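Q: Hi, could you walk me through this protein in plain words? I'm new to reading structures.
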Amino acid sequence: MRTVPARQQVAGPSWQRERPLTPSLFGVTASSSSGVMPSFRVGSLRFWDSGTRWARLQPRRDAYDWTVLDRLVAGARKADLPTTLVFGGTPAWAAPAGPKAPYGDGSRSAPPDDLAVWERFVSTLAARYRGRIDAYEVWVHANDQRYFSGSTETLVEMTRLAGRAIRAVDPRAVVVCPSIARLWTDEGRAVLRRFAELRGYDHCDVAGLNLHQQHAADPPETMIGLLQQIDGALHDAGVHPPLWNTGVTYEYVRDERLDEHRAADYAVRFYLVAIHGSHFSLERTYFYNWGGDGLPITLQAVGSPPTRAALAVEELQRWLTRTSTRSCGQGLAIDLPANVWQCEFTADDGRLLTIRWTHEGTATTSLPPHAEEVRGLDGTSRPMRAGDTLAVSGTPVLIVQQPKG
């Protein structure tokens, strides 16, 4: 069994900026072909591991099968959820000599032998779902040889062709550049930098990243340090695209399952870290996944009720309905103990909402001025008054303050 260090150096920048919080930030990857939607609140969907690989959608050069994707898109539209479709898994007929991808359908990790085949597929799909699919992620795990065994130069050209095809038929759709994985490694960040140097980000609206803790048991706040490294790599290449966190690596999903309490805490903090990460232009994050079971954190398996983690994420979204971010920070920089994190929000009725938590251990903090109530993720609340102190732990709590007079 892997042991986790008792203490980890975790730090993040502090910032202030007033900006509306969009519900789509709270995304999940829907890894189910059923067409059933989550029964708890989410803000956006990403389709992957859902029966929608390229090889499934175009099983032969002259034949398409839209059955599963039609079902998924119809379910998402009924639920009024924006959708992102991920491309990956080249059909065997398009790259017969290419290495097999890690799926059971015979699809290939290689790019197609003829890139015109790729552009026609993207154009056909985008035209069919014009106005119904909101975004397209050009390729999954694009620097993992198991998923894409072509060169970075070919990846840039595929991105250029896909961007051109999508914009020609659906100019309102968002083009997400291929997701770069293994960003904890020098190799991963080198591919990100190389893609940027080749001007790959000129051909899309958003950069796709596989942003996650190095191990499932690591505090979600470690992602902030990783974001700082990614920001530095992009800065060195002279590009600053908006960022979407689109998933995890192949190995991550095999990590040991977290206990129910920690799973709920980490799921909520995954999204709070995403809000904190907006300082680095992180605009949306997709939790992996919805629909499956046996993962380090399970939100809801198809046919089962939402887990405690899913209900905690839903409560967080209730807290933040119709709010704007105001600031995020950590520790001594904002006059709090070193292990305490905080994000502040302004509600549409003028109240100031403050969420506090720790990345490890507990801490005693003073309440902000005019605090009147503290709420828990379990839906409980208790009144507070000036002079009270608040014990903070790894379970985030909401402090509600009266509007300023």
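**The sheets**

A: Happy to! Eight strands make an open sheet, in the order β6-β5-β4-β3-β2-β9-β8-β7, and their pairing is parallel. The edge strands are β6 (174-176) and β7 (207-209), each pairing on one side only. On average, neighbouring strands of this sheet are turned by 25° against each other, direction ignored.

Q: What counts as a strand, and what counts as two strands pairing?

A: Helices (H or I, at least four residues) and strands (E, at least two) are DSSP runs, numbered from the N terminus. Two strands pair if DSSP finds at least two bridges between them. For the angles, axes are lines fitted to C-alpha atoms, for helices over the stretch in contact, and the angles run from 0 to 180 degrees between N-to-C directions.

Q: Is this model predicted, and how are residues numbered, or what goes into the values?

A: This is a predicted model, where local features need pLDDT of at least 70, side-chain atom pairs count only at pLDDT 80 or more, and totals for chains, interfaces and linings use all residues. Residues are numbered from 1 along each chain as its sequence is written, and side-chain values use heavy atoms, with hydrogens and water left out.

Q: What is the mean pLDDT of the protein?

A: The mean is 95, and 98% of the residues reach 70 or more. pLDDT is the predictor's confidence in each residue, from 0 to 100.

Q: Where does pLDDT stay under 50?

A: Over residues 1-7, for which the model has eight contacts beyond four places in sequence. Contact means heavy atoms within 4.5 Å.

Q: Back to the parallel sheet. How many bridges are there between β4 and β5?

A: Three, joining β4 (residues 83-86) and β5 (residues 135-137) in the parallel sense.

Q: Which residue stands opposite Q342 in β12?

A: R356 does. Q342 lies in β11 (residues 340-347), and seven bridges join β11 to β12, which run antiparallel.

Q: Is Q342 buried or exposed?

A: Q342 counts as buried because its relative accessible area is 10%. Buried means under 20% relative accessible area, exposed over 50%, and partly exposed in between (1.4 Å probe, protein chains only). Leaving aside neighbours within four places in sequence, the contacts of Q342 include S327, I334, L336 and W357.

**The helices**

Q: New topic: how do α7 and α8 cross?

A: The axes of α7 (residues 260-276) and α8 (residues 308-319) come within 8 Å and cross at roughly 35°. The crossing is right-handed, a term for the near helix being turned clockwise from the far one by less than a right angle, with left-handed for anticlockwise. Among the residues that meet are A263, A267 and Y271 in α7, and A309, A312 and L316 in α8.

Q: Is R269 buried or exposed?

A: R269, in helix α7, counts as buried because its relative accessibility is 2%. A polar atom of the R269 side chain lies 3.1 Å from the backbone oxygen of G394. Leaving aside neighbours within four places in sequence, R269 is in contact with several residues, including P219, E221, W357 and P396.

**Backbone details**

Q: Which peptide bond is cis?

A: The one from Y288 to N289, with omega near 0°. N289 sits in strand β9 (residues 282-290).

Q: What is phi for R322 and for H370?

A: Phi of R322 is near 55°, and phi of H370 is near 65°. Most residues other than glycine have a negative phi, and most peptide bonds are trans. R322 lies in the loop between α8 and β10 (323-330), and R322 counts as exposed because its relative accessibility is 60%.

Conventions
A polar contact is a pair of N or O atoms within 3.5 Å; within protein, one must be able to donate a hydrogen and the other to accept it, and residues adjacent in sequence count only if both atoms are side-chain atoms.
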